[in-house]
Amino acid sequence: MKLLKIFCYISFLVTAVFLMPVFAATPIGQIDSMDDINEAVVEPWPTGVWYDDRVTGWMQQSPPGEVHEGIGSMKMAFSLWGSGNVDVEPKMVFDPTLDFSDHNNLAITLWVWSDRSGSRFREIILYDNDNPPHNGRYIVHPPDSNGWTKIVANMNAFSWYNEGSETPISPDDANWGSIKSMGLFSSCSDGETNRDIYLDDLRLEAAQVAISEATIVNADRVFSPITVDGNAADWAALDDSDIVDFDLATVNSPSQGNLHVKYQLAWDPNYLYILVKEQPGDLLAKEANQVGAYAQQWSLDDRFGGDAYYDALTLYFDFTNIRPILGSREGISLWLFLGLNSKEKPDVMMAWTNAVWGRHQSAAVNNGMARTSGTLGHRITEAKIKWSDLDTAISEWLLPDGGLAAAIKPGYIFGCNPRLNDFEKSAAWNSPTTERGTAWLNGKLWDWQGTPNATGIYAKDVRLVCSAADLTGDCDVNFEDYAQFAEKWYNSGCNNINIFCNGADIVIDGVVDAIDLAELSDEWLSE
């Protein structure tokens, strides 16, 4: 049996090496069918094994009654004992190395089959041939249903690092012309047996723009600067700033928390403004207190750095809006933490930038400010951050072309997913009395549980507007907007790819119809 395993291992690598010269010359097509070896056990190549758990191995066979294509697929058989987690990352070695120089126009695709939530395919990892090497990581969002799911990993959405480092680097620093290997990373996390995953048909294809299911949240244009003082009166006239209602007690898979807030955003050419208003219900609170200063200390008792102690709304921004998961470390432009407090504390905001955890980045909020007010159950946090500060503090590959200074105008859309913290009774994360009510809109917390991705139904995208009916972006609703609207009348299939029918789908429901016309008319008549 041992000789058979060695033979299958060598056969797999030989197959990969044999195929690679073909696709080095023609970088569009099948990399591996994954059905060359059928029902053969192959030793795994684990990246790490935790808590004494084990993986039995790899087999080439299809799940019963389900074959994606061909005669088989690659099976990852997780058979565990004990408790904890196990990771496995088989690697394909490319000889000669592959040339992905046209990476902005390419995607790696793969079919994945799974019927259980305890194990899942997590990442595609590329390794270049530099010395020292770099690795690029694409985090795969959990599938919405069982069975076969096609993974499309656009290469411009990979996050790159120096090998062994957790600090991201520019994708331009990767040696795209010489990719030496590819890892297919999966794991099982609940200590149960027979948690299998199947992989099939690994290919290179043209990059794809996904049709987004994200909710579009309008942020209204401010013509008189908002005074950040914890008083929400300045926001009364901002009719086109949509209000997001986030109640921890009602999200899917709810955690223990009951914090409930409503928040909205506004903008002008200099600042992004944010208003957070607590709703009644959370009458026991751990209130934010000197958060920015605390975060700089990075207390050893708080491995999540400042934000994990307090009731707060945290907003994860992706200003390029191309990342597969907005909320994981990879690809985050800005993580803005806004604490709630009833004692009018001024220092309840901190910022982490460039996908780097654990240090308050004061440069990102140098000209910003936050103020609190209200009473417990009715707390208010009002904040602003300066666009030019973000251009300075955020790496250019995590910003739109030309930076935010060029992008900030009506019609600009970026990712902004919310997470609520509701921590009470004890400051210790592992205390049995701690209320760990921390979750995204889908009720999950950790990225491997399924944080909102850039295009999924739980994602929130912010669109800058002067008014929702201002289609031309000149901050005036007139005949020019009507003419642009009329060109798209009764169009359907409006989505992010066609910019929601060039803005004519005002209410963002996929079609241009009488509902949109009513919105246009109301805005026009109110001028």
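User: Let's call a disulfide a pair of cysteine sulfur atoms within 2.5 Å. How many disulfides does the count come to by this rule?

Analyst: This is a predicted model: local features need pLDDT of at least 70, side-chain atom pairs count only at pLDDT 80 or more, and totals for chains, interfaces and linings use all residues. Residues are numbered from 1 along each chain as its sequence is written, and side-chain values use heavy atoms, with hydrogens and water left out. Going by the sulfur cut-off, the count of disulfides is two.

User: What pattern do the disulfides follow along the protein chain?

Analyst: C466 pairs with C475, sulfurs 1.7 Å apart. C494 pairs with C501, at 2.0 Å. Counting bonded cysteines along the chain, the pattern is 1-2, 3-4.

User: Is C475 buried or exposed, or partly exposed?

Analyst: Here buried means under 20% relative accessible area, exposed over 50%, and partly exposed in between (1.4 Å probe, protein chains only). C475 has 31%, which makes C475 partly exposed.

User: And the link of C494 and C501, which hand does it have?

Analyst: Start with the two ends: C494 is buried at 8%, and C501 counts as buried too, at 4%. The angle about the S-S bond is -90°, and the link of C494 and C501 is left-handed.

User: Which residues of helix 6 are buried?

Analyst: Helices are DSSP runs (H or I, at least four residues), and strands are too (E, at least two), numbered from the N terminus. Helix 6 spans residues 479–487, and its buried residues are D481, Q484 and F485.

User: What covers the buried residues of helix 6?

Analyst: Think of contact as heavy atoms within 4.5 Å. The cover includes helix 7 (499–502) and helix 8 (514–525).

User: At the start of helix 6, which residue's side-chain oxygen reaches the backbone nitrogen of E480?

Analyst: A polar contact is a pair of N or O atoms within 3.5 Å; within protein, one must be able to donate a hydrogen and the other to accept it, and residues adjacent in sequence count only if both atoms are side-chain atoms. Here the oxygen comes to within 3.0 Å of that nitrogen, and it belongs to N478.
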